[in-house]
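Trainee: I have a new structure open and would like to learn how to read it. Could you walk me through a few features?

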Amino acid sequence: PSVTYVDADGERRTVEAAPNATVMEVALKHDIPGIIGECGGACACATCHVYVDDEWTDRVGPAEDMEQGMLDFAFDVRENSRLSCQIFMTPELDGLVVHTPVRQG
Ligand code: FES
(Lines give C-alpha, C1' and ligand atoms only; values in the text may rest on other atoms or scores of the structure.)
Protein backbone atom coordinates (compact mmCIF):
# COMPACT_ATOMS: atom_id res chain seq x y z
CA PRO A 1 0.00 0.00 0.00
CA SER A 2 1.23 3.48 -0.76
CA VAL A 3 1.20 6.42 1.61
CA THR A 4 1.70 10.09 0.84
CA TYR A 5 3.25 12.48 3.34
CA VAL A 6 2.58 16.17 2.80
CA ASP A 7 4.90 18.45 4.73
CA ALA A 8 4.05 21.83 6.23
CA ASP A 9 5.23 23.56 3.03
CA GLY A 10 2.89 21.44 0.92
CA GLU A 11 5.56 19.19 -0.54
CA ARG A 12 4.24 15.67 -1.20
CA ARG A 13 6.25 12.47 -0.90
CA THR A 14 4.63 9.17 -1.89
CA VAL A 15 6.26 5.92 -0.85
CA GLU A 16 5.40 2.24 -0.77
CA ALA A 17 4.71 0.72 2.65
CA ALA A 18 5.47 -2.84 3.67
CA PRO A 19 2.17 -4.59 4.50
CA ASN A 20 1.06 -3.75 8.04
CA ALA A 21 3.99 -1.44 8.71
CA THR A 22 2.99 1.61 10.68
CA VAL A 23 2.89 5.05 9.07
CA MET A 24 5.72 6.03 11.43
CA GLU A 25 7.92 3.07 10.42
CA VAL A 26 7.36 3.76 6.75
CA ALA A 27 8.33 7.42 7.23
CA LEU A 28 11.57 6.54 9.00
CA LYS A 29 12.48 3.91 6.43
CA HIS A 30 12.08 6.45 3.62
CA ASP A 31 13.66 9.42 5.44
CA ILE A 32 10.46 11.43 5.42
CA PRO A 33 11.16 14.71 7.22
CA GLY A 34 8.88 15.81 10.05
CA ILE A 35 8.40 12.45 11.78
CA ILE A 36 10.83 11.43 14.52
CA GLY A 37 9.35 8.35 16.23
CA GLU A 38 11.62 8.62 19.23
CA CYS A 39 10.07 5.80 21.27
CA GLY A 40 10.14 3.35 18.39
CA GLY A 41 6.39 3.01 18.15
CA ALA A 42 5.44 2.34 21.76
CA CYS A 43 2.91 5.18 21.89
CA ALA A 44 5.14 6.86 24.47
CA CYS A 45 6.69 9.94 22.86
CA ALA A 46 4.22 11.75 20.56
CA THR A 47 7.02 12.65 18.11
CA CYS A 48 5.26 10.79 15.31
CA HIS A 49 2.27 13.16 15.27
CA VAL A 50 0.48 13.56 11.93
CA TYR A 51 -2.77 15.01 10.64
CA VAL A 52 -4.85 12.53 8.69
CA ASP A 53 -6.10 14.04 5.42
CA ASP A 54 -9.82 14.91 5.53
CA GLU A 55 -10.57 12.33 2.82
CA TRP A 56 -9.17 9.57 5.03
CA THR A 57 -10.30 10.30 8.57
CA ASP A 58 -13.30 7.94 8.36
CA ARG A 59 -11.25 5.02 7.12
CA VAL A 60 -8.38 5.57 9.55
CA GLY A 61 -10.68 6.10 12.51
CA PRO A 62 -10.07 7.92 15.78
CA ALA A 63 -7.26 7.50 18.30
CA GLU A 64 -7.77 5.05 21.14
CA ASP A 65 -7.64 6.24 24.76
CA MET A 66 -3.95 5.60 25.36
CA GLU A 67 -2.99 7.30 22.11
CA GLN A 68 -5.30 10.21 22.85
CA GLY A 69 -3.59 10.69 26.21
CA MET A 70 -0.19 10.72 24.57
CA LEU A 71 -1.38 13.16 21.91
CA ASP A 72 -1.80 15.76 24.66
CA PHE A 73 1.99 16.09 24.55
CA ALA A 74 2.06 16.83 20.82
CA PHE A 75 2.28 20.33 19.32
CA ASP A 76 -0.81 21.92 17.75
CA VAL A 77 -3.18 18.97 18.10
CA ARG A 78 -6.29 19.07 15.92
CA GLU A 79 -9.39 16.96 15.43
CA ASN A 80 -7.64 14.86 12.76
CA SER A 81 -4.44 14.36 14.78
CA ARG A 82 -3.09 10.82 15.18
CA LEU A 83 0.14 9.22 16.28
CA SER A 84 1.47 7.65 13.12
CA CYS A 85 2.97 4.65 14.98
CA GLN A 86 -0.58 3.59 15.74
CA ILE A 87 -1.77 3.56 12.11
CA PHE A 88 -1.10 0.27 10.34
CA MET A 89 -0.89 0.18 6.56
CA THR A 90 -3.56 -2.39 5.78
CA PRO A 91 -4.64 -2.81 2.12
CA GLU A 92 -7.73 -0.68 2.87
CA LEU A 93 -5.44 2.27 3.54
CA ASP A 94 -3.70 2.09 0.16
CA GLY A 95 -3.27 5.69 -1.01
CA LEU A 96 -3.47 7.18 2.46
CA VAL A 97 -2.52 10.86 2.77
CA VAL A 98 -1.18 12.33 6.00
CA HIS A 99 0.16 15.80 6.74
CA THR A 100 3.18 16.35 8.95
CA PRO A 101 3.08 19.20 11.47
CA VAL A 102 5.39 22.23 11.47
CA ARG A 103 7.31 20.59 14.30
CA GLN A 104 7.16 17.69 16.74
CA GLY A 105 6.81 18.33 20.47
FE1 FES B 1 6.53 7.34 19.90
FE2 FES B 1 4.65 7.08 18.05
S3 FES B 1 6.74 6.73 17.86
S4 FES B 1 4.41 7.68 20.11
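Trainee: Is Gly95 buried, partly exposed or exposed, and why?

Mentor: Keep in mind that this is a predicted model. Gly95 has 14 C-beta neighbours inside 10 Å; a residue counts as buried at 20 or more and exposed at 12 or fewer, so Gly95 is partly exposed. You will find Gly95 in the loop between β4 (81–83) and β5 (96–99).

Trainee: Which residues have the most contacts inside the largest nonpolar core?

Mentor: The general idea comes before the case. In soluble globular proteins, nonpolar side chains tend to be buried together. Here the largest nonpolar core has 24 residues, and Val3, Val23, Ala27 and Val98 have the most contacts inside it. At least two core residues come from each of β1 (2–6), α1 (23–29), β3 (49–52) and β5, with α1 giving the most, four residues.

Trainee: What is Ala27 in contact with, leaving aside neighbours within four places in sequence?

Mentor: Ala27 then touches Tyr5, Ile32, Ile35 and Ser84.

Trainee: How do I read phi, and what is its value at Asn20?

Mentor: Most residues other than glycine have a negative phi. Asn20 has a positive one, near 65 degrees. Asn20 sits in the loop between β2 (12–16) and α1, and counts as exposed because 11 other C-beta atoms lie within 10 Å. Cys43 has a positive phi too, about 60 degrees. Cys43 belongs to the loop between α1 and β3 and is partly exposed, with 17 other C-beta atoms within 10 Å.

Notes. Residues are numbered from 1 along each chain as its sequence is written. This is a predicted model: local features need pLDDT of at least 70, side-chain atom pairs count only at pLDDT 80 or more; totals for chains, interfaces and linings use all residues. A nonpolar core is a set of buried Ala, Val, Leu, Ile, Met, Phe, Trp, Tyr and Cys residues joined through C-beta atoms within 7 Å. Two residues are in contact if their C-beta atoms, placed from the backbone, lie within 7 Å.
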